[in-house]
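Try each one before reading its solution.

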Amino acid sequence: MTATVPRPGKIIAIHLSYASRADQRGRRPAAPSYFFKPLSSIGESGGTVERPAGAELLAFEAEIALVIGTAARRVPLSDAWSHVGWVTASNDLGVYDLRANDKGSNVRSKGGDGFTPLGPDYIDARTVDPEALRVRAWVNGELRQDDTSGGMIFPLAQLVADLSQHFTLQPGDVILTGTPAGSSVIGPGDVVEIEVDAPTAPGAPTSGALRTTVVQGEVPFDPALGSLPAVDDLQRTEAWGSREAAGLPAEDEPASDALSPELRAKLEAAPTAGLSSQLRKRGLHSCFIDGVAANLPGAKIVGVAKTLRFVPAREDLFRTHGGGYNAQKRAFDAIRPGEIVVIEARGEAGTGTLGDILALRAKTLGAAGVVTDGGVRDYDAVAEIGLPVFSRGAHPSVLGRRHVPWDVDVTIACGGATVQPGDIIVGDGDGVIVIPPALVDEVVDEALAQEDEDAWIAEQVATGSPVDGLFPMNAEWRAKYEARG
């Protein structure tokens with residue numbers, strides 16, 4: 001920083017403030033919310049920033065940074081801007097892989113050394129209109145973000161006045177005011193340049209280009225000390241800015257190409273008993289999820305597996321993986337329409353593996369159901385929500401009694417069956433089965449054909465025919481069946 005700008009005592013950042021970013025995220029806050037960044041995160045133009053070893057999703061965010069000039073405590077909105085001394089550019093860098101256990105506080109994801117570069121020059125706030133500031137970002141020379149403070153949900157002066165209600169803003173304190181749409185993922189070798197200017201002000205003052213180069217970190221995180229980087233489709237979507245940019249299917253697409261609407265309708269018509277018979281004919285004898293029953297009488301579920309794995313409770317692992325935005329919450333936040341969450345709980349029914357809040361989230365996102373070989377908390381409330389859940393029954397305890405939420409979208413074991421993400425799950429009154437996607441078309445077609453045959457056999461038995469030679473059909477009965485009109 002220059003000698004005229006005081007060193008900050010704190011850095012405060014807002015979570016979401018631009019209309020363009022809110023529209024991209026699909027949610028618009030009613031009021032601003034904030035988080036702190038450490039002073040050690042401050043960097044200068046021309047510096048480098050590490051993408052941590054083991055991380056995938058380092059993202060840039062071009063932001064207008066306000067630097068407080070005079071102390072502000074409980075200042076009215078009309079006077080708030082007069083307490084801003086300078087305006088400059090900032091890059092509010094963040095690692096989405098590290099949001100899992102402290103989402104909201106952003107301590108690890110946005111607190112890294114060099115994750116808040118500022119500058120290079122500082123604009124006198126008295127010379128500019130706070131409603132007419134522009135912020136732009138370029139990655140490797142390509143323009144990625146371009147917006148103005150006029151596009152903010154919460155005006156800059158409001159942020160100053162609001163924060164001053166809660167604590168004193170001291171000279172030098174920095175307020176990062178949020179980023180517009182266009183923030184995305186960057187990797188080693190990428191160069192990000194950010195500029196804040198006031199193009200309509202006299203002399204068109206500018207911060208100059210804040211330049212940051214990404215390098216690859218080499219020192220891994222120690223798993224014995226805390227949670228490791230972890231990503232899922234939700235984090236990829238938010239880091240890249242959209243599912244399309246992240247290379248993911250659109251939200252309104254079927255949960256898998258293996259389940260077209262026509263195939264889903266066939267599976268809904270086919271009983272699990274008939275489907276399991278066809279699997280056995282093909283040599284698959286271990287596709288049953290044993291020991292689970294539906295919470296809703298007569299429930300039928302058909303969908304594509306999204307997997308969640310719990311490991312046995314261990315106090316140190318629960319401290320590092322059980323709290324915050326853990327694997328269980330990540331799984332339920334990333335459900336796509338038509339998916340079935342399948343949970344590995346090792347047959348342990350002595351604790352809940354989900355409750356009413358997560359069931360409501362699953363229902364809202366269009367889940368076809370949940371299968372768990374563990375217990376369900378808030379059992380009656382989950383049933384009232386209307387989400388079909390196949391489980392080992394009710395249990396009032398919370399997660400930490402028997403389990404540590406460990407991983408999402410991995411191969412798991414549930415009720416004695418191996419389940420992989422993308423497997424086809426079908427459940428009804430007879431139980432739940434797992435169908436490999438490569439076999440589902442032929443299995444369901446032959447199961448439905450067998451259902452027609454069995455229905456005809458039942459008609460013959462109902463009219464007095466003996467089952468000998470009819471079930472299964474001998475040549476004579478087969479000829480009659482094939483000749484039916």
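On a 1 Å grid over the protein atoms alone, a pocket is an open set of points where a 1.4 Å probe fits, with protein on both sides within 12 Å along at least five of seven lines; lining residues have an atom within 4 Å of a point. The model is predicted: local features need pLDDT of at least 70, side-chain atom pairs count only at pLDDT 80 or more, and totals for chains, interfaces and linings use all residues. Residues are numbered from 1 along each chain as its sequence is written, and side-chain values use heavy atoms, leaving out hydrogens and water.

**Exercise 1.** Find which residues lie nearest the centre of the second largest pocket.

Solution. Start with the lining, which has 29 residues. Nearest the centre are H15, L16, R25, R27 and R99. Next, look for elements (DSSP runs: helices H or I of at least four residues, strands E of at least two, numbered from the N terminus): α1 (19–25) and β8 (94–95) each give two or more residues to this lining.

**Exercise 2.** Which residues does Q460 touch?

Solution. Begin in helix α11, residues 440–462, where Q460 is found. Beyond four places in sequence, Q460 touches S465, L470 and W477.

Methods
Contact = heavy atoms within 4.5 Å.
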